[in-house]
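Work through these exercises with the sequence and the model side by side. Try each task before you read its solution.

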Amino acid sequence: MGAPLVGVAPIFAISFMGFGIGKKIQQSSPDEALGPAQLAAAGFLSGFMTTVIMAPGERIKCLLQVQQAATGPPKYSGPADVVKSLYREGGLRSIFKGSAATAARDAPASAAYFASYELIQRWLQGPDRQKLTVGTTLFAGGMAGVFNWVVAIPMDVCKNRLQAAPEGKYTGAMDVLSKLLKTEGPTALWKGYEAAMFGLNQVAPNL
């Protein structure tokens with residue numbers, strides 16, 4: 001839990017900053033309402049930017065979760081010890097293992113999240129969103145969380161397996177995907193779907 005909690009504030013700060021930047025570079029004026037593709041592009045940038053913090057945090061979390069489920073003496077005493085051990089074993093490359101898979105999960109998922117959130121709000125209360133209520137905001141956020149996870153889960157499964165695997169087991173996310181489909185079939189990509197639907201409203205999945 002420590003690793004995700006430490007990263008929450010900067011991840012959300014970067015996420016919303018990235019979305020703001022993504023919108024700004026596409027607008028001819030601050031009041032211009034962007035279309036679905038433009039909102040998705042801004043969300044994509046947001047998800048990509050969070051990878052710098054999200055990837056190592058996810059790597060630490062995956063290793064600690066595997067350790068918790070395993071029997072025998074623990075290898076790591078906590079998040080800081082994981083970082084030290086990974087750096088000794090493989091330097092920064094080991095700490096940031098799975099970054100491409102994290103970006104491939106978070107960028108499309110954030111595109112779905114931000115675009116659906118804004119569009120649902122407009123649908124409920126108009127383009128200016130001046131009459132939004134707490135209820136409509138919660139509904140928009142909840143539905144955006146659903147779209148976020150629907151997009152994210154397949155790559156999240158691949159990313160988690162890659163980051164938790166011993167060194168040398170996989171060459172990358174595509175290798176994980178290929179072996180997963182060959183041994184377990186397409187349904188394996190949706191493992192954890194039910195649990196994710198009970199943890200909606202996350203900008204970045206699996207935080």
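**Exercise 1: Around Tyr-170**

Tyr-170 is in contact (heavy atoms within 4.5 Å) with Arg-161, Leu-162, Ala-165, Asp-175, Val-176 and Lys-179, leaving aside its neighbours within four places in sequence. This is a predicted model: local features need pLDDT of at least 70, side-chain atom pairs count only at pLDDT 80 or more, and totals for chains, interfaces and linings use all residues. Residues are numbered from 1 along each chain as its sequence is written, and side-chain values use heavy atoms, with hydrogens and water left out.

Solution. 
- Step 1. Buried means under 20% relative accessible area, exposed over 50%, partly exposed in between (1.4 Å probe, protein chains only).
- Step 2. Helices are DSSP runs (H or I, at least four residues), numbered from the N terminus.

**Exercise 2: The sides of α7**

Task: find which residues of α7 are buried, and where they sit around the axis.

Solution. 
- Step 1. List the buried residues of α7: Ala-173, Asp-175, Val-176 and Leu-180.
- Step 2. They cover an arc of only 155° around the axis, so they lie on the same side of α7. The arc is that of the directions from the helix axis to the C-beta atoms.
- Step 3. Met-174 and Lys-182 are exposed, on the face turned away from the buried side of α7.
- Step 4. The buried residues of α7 pack against α5 (99–125) and α6 (134–164).

**Exercise 3: A buried cysteine**

Task: describe the surroundings of Cys-158.

Solution. 
- Step 1. Cys-158 belongs to helix α6.
- Step 2. Its relative accessibility is 1%, so Cys-158 counts as buried.
- Step 3. Not counting residues up to four places away in sequence, Cys-158 touches Ala-173, Val-176, Leu-177 and Leu-189.

**Exercise 4: Aromatic rings**

Task: classify the ring pairs of Phe-114 with Phe-19 and with Tyr-113.

Solution. 
- Step 1. Rings of Phe, Tyr and Trp (its six-membered ring) pair if their centres lie within 6.5 Å; planes under 30 degrees apart count as stacked, over 60 as edge-to-face and the rest as tilted. The structure holds 4 aromatic pairs.
- Step 2. Phe-19 and Phe-114 have ring centres 4.2 Å apart and planes at 10°, so this pair is stacked.
- Step 3. Phe-19 is in helix α1 (residues 2–24) and Phe-114 in helix α5, so the pair ties together parts 95 residues apart in sequence.
- Step 4. Tyr-113 and Phe-114 have ring centres 5.4 Å apart and planes at 85°, so this pair is edge-to-face.

**Exercise 5: Confidence**

Task: find where confidence is lowest and highest among the helices.

Solution. 
- Step 1. pLDDT is the predictor's confidence in each residue, from 0 to 100. The protein chain averages 86.
- Step 2. Helix α8 (residues 193–197) is lowest, at a mean of 63, and helix α2 (residues 36–49) highest, at 97.

Conventions: Helices (H or I, at least four residues) and strands (E, at least two) are DSSP runs, numbered from the N terminus.
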